[in-house]
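Please read the following walk-through with the model open beside the text.

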Amino acid sequence: MTSDDVTWLALAGVLILVAALLASAETALSAVSRVRAEQLQREGRSGAARLTSILADAPRYLNTVLLVRVVCEITATVLVTLVVTHVLEPVWLRVLTAAGSMVVVSYIAVGVGARTIGRQHAERVALVTARPVGALTAVLGPLPQLLILIGNALTPGRGFREGPFATEAELRHLVDLAEQSRVIESVESQMIHSVFELGDTLVREVMVPRTDMVFIERHKTLRQLMSLALRSGFSRIPVVGEGLDDIIGVAYLKDVTKRVYDRHEAETTERVETVMRPSFFVPDSKPAAELMREMQAKRMHVAIVIDEYGGTAGLVTIEDILEEIVGEITDEYDVEPVAVERLPSGAARVSSRLPVDELGELFGVQIDDEDIETVGGLMAKHLGRVPIPGAEVVCEGLHLQAESLAGRRNKVVTVVVRPAVESLGSTAANGSDDGHSMDSRASGVAHGT
């Protein structure tokens, strides 16, 4: 080994040390928040002003740090390779020694050790390295940004204007670390992760499908609308014209109540279309986060979701989107029903989610229908629409009556079942005066708040 080889190895060691310092600085700058930096500046900490300036435009400085670190690591690898080429003879041994040694050194010194220090002492490291990082960025100027533009031009897709280095995965990792260190609670961590996921969620994933919608025809009276609203528990009900794919507006229970209060005769003389408000239509491929911002700006709580063919796919409310972040929203009236409750009259109160097989065993009847699985599905199929309290149907020798609602979406959760004494027909209606449509594909939509 010559003196030149020793010089190259020493220079490689210095470059690895610089790369480790830059890795530590990168980690520390990513871990310190802008709010904390401003607090340090108010406390008069040395370097805090520069740190605040860096965090105000963090991607620009982090990209510079990343570029210089990569240059240092690659240059150190080249120098070690030159030395190994002079010292060792077999080619395979040269490759194995150079690559193996640099992988181990880079992984330990840069990947583990430096980043651990940057994470454990984030504030101190960030304050110390703020000025050097600022100087590097001033010297290199727009070079990192130019390389990012070239990379975006060569990469399929739109790319990232600021570079893809401050990734969502890193932010998620920071949230997990904050939870592990008890800085935030588990519930808060889940909500933060839900916010990230909301950006990738489409409207079709959170909407109420058209099969679960409750709607009313435009020619129904205000009395029929109030009856449907009170029985279904919804305060906003879509108004349809020729069918569910022809939604012409949304009727609000508040508007109807005010109109009837001002003019009592309007209850029977005016039609629903006279009090409805315009509909707000959105495509089912729209991002949920974008829709929430739009609904906030337009002060809209209900949107009709349209599929790619222009038909009604479902309905979405702002509460549906919020539930993706905070979880299911329930109230004090929501009680989880028991699966089966025997009543003194010989009937049974069952959950709408009870499998039809268990219902058949309960009453000793055979229910052969491969298209449905639950009691609620059985009622919906024979009614041709979404059941609401009071809906009745006779099938397979059983009389089923929808009973109670629960949840923010006001779904029927209990059904009273008894042996059929007299035939009510295959689809006993749940009232002819409430405007609940008989469309075989769906039953309109409404979300009460």
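Across the whole structure, a search finds 17 salt bridges, a salt bridge being a side-chain nitrogen of Lys or Arg within 4 Å of a carboxyl oxygen of Asp or Glu. The model is predicted, and local features need pLDDT of at least 70, side-chain atom pairs count only at pLDDT 80 or more, while totals for chains, interfaces and linings use all residues. Residues are numbered from 1 along each chain as its sequence is written, and side-chain values use heavy atoms, with hydrogens and water left out.

Side chains of opposite charge can pair when their charged atoms come close. Helices (H or I, at least four residues) and strands (E, at least two) are DSSP runs, numbered from the N terminus. Are the two partners buried or exposed, or in between? Arg210 has a relative accessible area of 14% and is therefore buried, whereas Asp245, at 38%, counts as partly exposed. Here buried means under 20% relative accessible area, exposed over 50%, and partly exposed in between (1.4 Å probe, protein chains only).

Glu270 takes part in a salt bridge with Arg259, at 2.4 Å from N to O. That pair also links distant parts of the chain, with Arg259 in helix H12 (residues 253-262) and Glu270 in the loop between helix H13 (266-269) and S5, 11 residues apart. Glu270 meets Arg263 in a salt bridge as well, at 2.5 Å from N to O. Glu270 is buried, with a relative accessible area of 14%. Arg259 is partly exposed at 28%, and Arg263 is partly exposed at 35%. Elsewhere, a network of salt bridges links Glu26, Arg69, Glu73 and Arg115.

Next come the sheets. Strands of a sheet pair through backbone hydrogen bonds, either parallel or antiparallel. In this model, two strands pair if DSSP finds at least two bridges between them. An open sheet of four strands has the order S1-S7-S6-S5, with mixed pairing. Strand S1 (208-209) and strand S5 (281-283) each have a single partner strand and stand at the edges, so one side of each is left without a neighbour in the sheet. S1 is joined to strand S7 (residues 312-317) by two bridges, and the two run antiparallel. Which residue of S7 is the bridge partner of Val208? The partner is Leu315.

Helix H14 (residues 288-298) lies across S5, strand S6 (302-306) and S7, at about 65 degrees to S7. Helix H15 (residues 318-326) lies across S1 and S7, at about 70 degrees to S7. The axes are lines fitted to C-alpha atoms, for helices over the stretch in contact, and angles run from 0 to 180 degrees between N-to-C directions.

Val302 gives a residue-level view of this region. Val302 is in strand S6 and is buried, with a relative accessible area of 4%. Not counting residues up to four places away in sequence, Val302 touches Arg236, Phe280, Met295, Leu315, Val316 and Thr317, where contact means heavy atoms within 4.5 Å. The C-alpha atoms of Val302 and Asp320 are 9.8 Å apart, and the two residues are 18 apart along the chain.

Strand S14 (residues 414-419) pairs with strand S9 (residues 348-351) in the antiparallel sense over four bridges, with Ser351 opposite Thr414. S14 also pairs antiparallel with strand S11 (residues 398-402), over five bridges, and there Gln401 stands opposite Val416.

For the chain overall, there are 17 helices and 14 strands. Of the 449 residues, 43% are buried. Among contacts between residues at least 6 apart in sequence, 62% join residues at least 24 apart. The chain exposes about 24200 Å², of which carbon and sulfur atoms supply 58%; accessible areas come from the Shrake-Rupley method with a 1.4 Å probe, and for residues only the protein chains shown count as cover.
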